[in-house]
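Here are my notes from going through this one.

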Amino acid sequence: MSVAGRNSQDNQDRVQIFDTTLRDGEQSPGISLNTQEKVEIAQQLARLGVDVIEAGFPITSPGDFEAVETIARQVEGPVIAALARTHKADIDAAWNAVKDAARPRIHTFISTSDIHIEHQLKTTREDVKGQARAAVALAKSYCDDVEFSPMDATRADVEFTAEVCAIAVEEGATVINIPDTVGYTTPEEYAAYLRRLYELIPGLENVTLSVHCHDDLGMAVANSYAGVLAGARQVECAVNGIGERAGNCSLEEIVMLLRTRKDIHGVDTNIKTRELARTSRMVSRLTGYQVPPNKAVVGRNAFAHESGIHQDGVLKERSTYEIMDPRDVGLDSNSIVLGKHSGRHALRDALEQLGFKVEGQALNQAFKRFKEIADRKKQVTALDLEAIVSDEMRERVDTYALSWFEVEAGSRREPSARVAVRMPNREESVGFAHGDGPVDAIFGAIRDAVDTECELRSYTVSAVTEGADALGEVTVVLHAHGRLASGQGVATDILEASARAYIRALSNALDGAAIREAEGVIADAATERTPGP
Ligand code: KIV
Ligand code: ZN
């Protein structure tokens with residue numbers, strides 16, 4: 001079977017991947033990425049080969065605006081999209097943020113379900129039609145590429161949604177995206193809904209139909225796939241499936257589903273699947289959202305065989321129990337690349353092979369960390385290098401940094417810690433605290449050193465590789481300076497990794513405080529607050 005897309009402009013056998021990790025994904029509770037981290041993810045998404053990056057929702061904050069603008073200016077390859085409600089101020093902000101991209105897109109949305117129209121928008125269907133028309137027309141006056149979404153479409157009257165989308169098409173929308181905003185639909189129902197839209201909307205076959213599914217009932221990938229079978233040629237998804245509530249369609253799952261079962265549907269994506277595992281690790285590291293071991297495609301156990309029968313089968317012939325090759329998703333990158341005696345050149349070459357261009361001072365710093373780790377660990381693998389470099393990239397001169405720490409602990413004494421923190425003014429401040437355990441004591445000593453109050457919301461430790469000498473990776477989420485912020489740290493010593501992670505989370509919270517100060521000024525001038533979609 002081969003499923004034809006309906007849009008005569010689309011490449012019929014290609015499904016465009018629209019990545020919304022930095023917009024819908026970033027709306028997950030506890031995720032707060034700064035601009036540098038968002039650019040880092042966007043660069044990796046470009047390397048992965050996504051067709052569109054939805055970089056953010058610029059009206060929501062100066063920080064979001066800055067991140068979208070920086071990505072539009074620096075990230076080459078994909079279309080860069082920004083989200084906007086139908087308000088003029090939103091569309092102006094979206095356009096100003098993406099206008100420097102080689103291929104900008106404005107994505108505007110308004111709800112078509114009566115539940116939203118009545119209770120949230122407190123308006124009428126007629127008004128929704130008017131707002132959709134005005135918004136698409138305005139966006140189109142700035143930008144050729146305009147996407148329109150009727151939010152909560154799957155709970156809306158299909159005839160009314162079609163009327164609104166027809167207006168958007170008339171005004172020049174290039175993409176019509178049908179969101180299952182609350183993850184309510186089922187594959188058959190969704191496919192029937194999309195087929196009905198093709199019947200009702202004149203000219204829908206001349207634009208790209210897109211799907212955007214949430215995972216509240218665990219159906220986001222299945223529903224997106226049903227959408228593709230019904231003719232959609234863009235799938236909106238997020239790395240590791242992050243997003244509002246239960247999240248979005250998982251990018252790696254829909255991509256590998258389309259690749260692996262191309263035999264039955266005849267369509268594929270432009271994704272370089274060998275980058276999937278690395279992209280997943282990067283997003284997990286920077287967001288603090290751990291990937292469950294049994295997660296399809298990128299989980300640590302996605303290709304592990306436990307039962308004797310399965311192991312026996314795979315040893316004899318891989319295809320007995322494996323439907324994908326782990327190398328195709330980049331899960332073979334744990335090869336040993338360097339040893340204790342490797343030099344600076346070898347490190348630079350290895351990093352280059354892993355896609356990191358590290359020179360000058362950054363290379364010296366990475367080399368120093370590599371040596372420290374190589375002294376303690378017999379073998380340094382590609383995964384270790386990736387973790388060290390990502391860790392080094394977190395180090396900034398304008399915030400707090402760990403100088404040194406000492407801990408006293410044991411089963412017969414109350415743990416205590418002394419930690420020296422390099423302050424933003426470059427001076428060192430030493431703090432001291434007792435705690436319930438060594439990690440708690442370290443966190444207390446850091447708070448003492450920087451003289452701030454904050455509340456620990458979550459603390460997770462994982463091993464970068466297997467074995468007793470594995471690098472430990474710690475993620476901390478805390479509430480400080482009035483906001484949630486996360487931080488990560490990597491070291492052979494879990495206590496050191498914990499201290500680094502805690503200090504980085506505090507630094508990120510400090511960034512947010514500075515941003516909010518600026519926001520306060522802007523909020524005074526604004527007439528309303530902007531809730532996320
Ligand atoms: O879930 C949703 O409806 C959205 C829209 C803004 C596309 O995220
Ligand atoms: Zn969404």
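Does D451 count as exposed or buried? I looked up its relative accessibility and got 70%, so D451 counts as exposed. Exposed here takes over 50%. I kept in mind that the model is predicted.

Next I checked where D451 sits. I found D451 in the loop between α16 (438–450) and β14 (454–463). Then I looked at its backbone: phi of D451 is near 55°, which is a positive value, and D451 isn't a glycine. I jotted that down because most residues other than glycine have a negative phi.

H481 isn't a glycine either, yet its phi is positive, about 50°. I traced H481 to the loop between β15 (472–480) and β16 (483–491). Its relative accessibility is 30%, so I put H481 down as partly exposed.

On to a pair of helices. At what angle do α1 and α2 pack? I read off about 35° for helix α1 (residues 35–48) against helix α2 (residues 62–74), and their axes are 9 Å apart. The crossing of α1 past α2 is right-handed.

Which residues meet there? From α1 I listed T35, K38, V39, A42 and Q43. From α2 I listed G63, D64, E66, A67, T70, I71 and Q74. Sorting the contact by class, I got four nonpolar, five polar and three charged residues.

Key
Residues numbered from 1 in each chain as written. Chains lettered and ligands numbered in written order. Predicted model: local features only at pLDDT ≥ 70, side-chain atom pairs only at ≥ 80, totals over all residues. Heavy atoms only, no water. Axes fitted to C-alpha atoms, helices over the stretch in contact; angles between N-to-C directions. Helix = DSSP H or I, 4+ residues; strand = E, 2+ residues; numbered from the N terminus. Left-handed = near helix turned anticlockwise from the far one by under 90°. Contact = heavy atoms within 4.5 Å. Nonpolar A, V, L, I, M, F, W, Y, C, P; charged D, E, K, R; others polar. Buried < 20%, exposed > 50% of the residue type's maximum accessible area, 1.4 Å probe, protein only.
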